[in-house]
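Here is a short briefing to read beside the model. Keep the sequence and the 3D view open as you go.

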Amino acid sequence: MGAVRDSDLSGGKLCRLLVLALALVGCWSPGSAGFGLWGHGWLSLMYGKSPALVLPLLLSLQLTALCPTEAVEIYTSGALEAVNGTDVRLKCTFSSFAPVGDALTVTWNFRPRDGGREQFVFYYHMDPFRPMSGRFKDRVVWDGNPERYDVSILLWKLQFDDNGTYTCQVKNPPDVDGLVGTIRLSVVHTVPFSEIYFLAVAIGSACALMIIVVIVVVLFQHFRKKRWADRADKAEGTKSKEEEKLNQGNKVSVFVEDTD
């Protein structure tokens, strides 16, 4: 990533040098060295005596519009909800043409939802600097990594008066311009269930119901087989007793015959 950013910066410098060269060509004409940059070239352009000088100036204006500007781009979640009493990470990342160095500075500020003055939250320059007073004292810590273009912070023990807009401003000289990142934090009693939560609950309930049905079917088959086995054993026992009685009756008949 660093190599790409260095090449972008070199390209921007080269583009600006080209713009300057074209502007000098358009503003200078042979035989007017005494006028310098503001001499005959500008006068000729104004009075239309050297139309050929218009082309370099027009090219320089177009290249000025096309040249990449050195500005820090900041990325945040935009809107965030968190439960009262919990901790929340205010994520802020950035991109810059210039490599990250010791000149990097990060400033976090806060503006309450109900209005009021802007309040200091956190500052970073080589080392993190926590607020020494105010509502955020001992409640905010550094949770970023500048080498990975991450300048996030962690806010502890949320309160309802933490509702509002948090701003993240990054300056990485020579990239010092750019928009400020904002996060609109809403502190709530409970986080409302989203569609994903409902889907997870539905899938979990369906899986639990299927498991219960399988268990019921298995138990039913088990008790059914056991009942059949008991009936078979009972029938076999009854048959054995009848056969035993029949055999005893036959033995008695044979004994009586032998006695006679």
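This is a predicted model: local features need pLDDT of at least 70, side-chain atom pairs count only at pLDDT 80 or more; totals for chains, interfaces and linings use all residues.

Six strands form an open sheet with mixed pairing. A search of the whole structure finds one disulfide, and that search covers every part of the model. The aromatic pairs come to seven.

**The sheet**

- The strand order is β2-β11-β10-β5-β6-β7.
- β2 (78-83) and β7 (127-129) are the edge strands. Each has a single partner strand, so one side of each is left without a neighbour in the sheet.
- From one strand to the next, the twist averages 20°.
- Strands of a sheet pair through backbone hydrogen bonds, either parallel or antiparallel.
- β10 (residues 164-171) and β11 (residues 181-188) run antiparallel. Five bridges join them.
- Cys168 has Gly181 of β11 as its bridge partner.

**Asn109 in β5**

- Asn109 sits in strand β5, which spans residues 105-112.
- Asn109 counts as buried because its relative accessibility is 17%, and the cut-off for buried is under 20%.

**Aromatic pairs**

- Seven aromatic pairs are counted. One of them is formed by Phe110 and Phe136, and it is edge-to-face. The ring centres of Phe110 and Phe136 are 5.4 Å apart, with 80° between the planes.
- This pair links distant parts of the chain, 26 residues apart. Phe110 is in strand β5, and Phe136 is in the loop between β7 and β8 (140-142).
- Phe110 is buried, with a relative accessible area of 0%. Phe136 is buried as well, at 1%.
- Tyr124 and Trp142 form a stacked pair. The distance is 4.3 Å centre to centre, with 10° between the planes.
- Tyr124 lies in strand β6 (residues 119-125) and Trp142 in strand β8. They are 18 residues apart, and the pair links distant parts of the chain.
- Trp142 is partly exposed, at 21%.
- Phe110, Phe136 and Tyr166 form one aromatic cluster.

**Cysteines**

- A disulfide is a covalent bond between the sulfur atoms of two cysteines.
- Here a disulfide joins Cys92 to Cys168, with S to S at 2.3 Å.
- The angle about the S-S bond is -85°, and the link of Cys92 and Cys168 is left-handed.
- The pair links distant parts of the chain, 76 residues apart. Cys92 is in strand β4 (residues 92-95), and Cys168 is in strand β10.
- Both Cys92 and Cys168 are buried.
- Cys168 is also the residue bridged to Gly181 in β11.
- Cys207 is partly exposed, with a relative accessible area of 41%.

**Backbone exceptions**

- Most residues other than glycine have a negative phi, and most peptide bonds are trans.
- Which kind of peptide bond runs from Pro173 to Pro174? The bond is cis, with omega near 10°. Pro174 is in the loop between β10 and β11.
- Met126 has a positive phi of about 70°, although Met126 is not a glycine. Met126 belongs to the loop between β6 and β7. The relative accessible area of Met126 is 47%, so Met126 is partly exposed.
- Lys157 also has a positive phi, near 45°, and is a residue other than glycine. Lys157 is in the loop between β9 (153-155) and β10. At 59% relative accessibility, which is over the 50% cut-off, Lys157 counts as exposed.

Key:
Residues are numbered from 1 along each chain as its sequence is written. Side-chain values use heavy atoms; hydrogens and water are left out. Two strands pair if DSSP finds at least two bridges between them. Helices (H or I, at least four residues) and strands (E, at least two) are DSSP runs, numbered from the N terminus. Axes are lines fitted to C-alpha atoms, for helices over the stretch in contact, and angles run from 0 to 180 degrees between N-to-C directions. Buried means under 20% relative accessible area, exposed over 50%, partly exposed in between (1.4 Å probe, protein chains only). Rings of Phe, Tyr and Trp (its six-membered ring) pair if their centres lie within 6.5 Å; planes under 30 degrees apart count as stacked, over 60 as edge-to-face and the rest as tilted. A disulfide is a pair of cysteine sulfur atoms within 2.5 Å.
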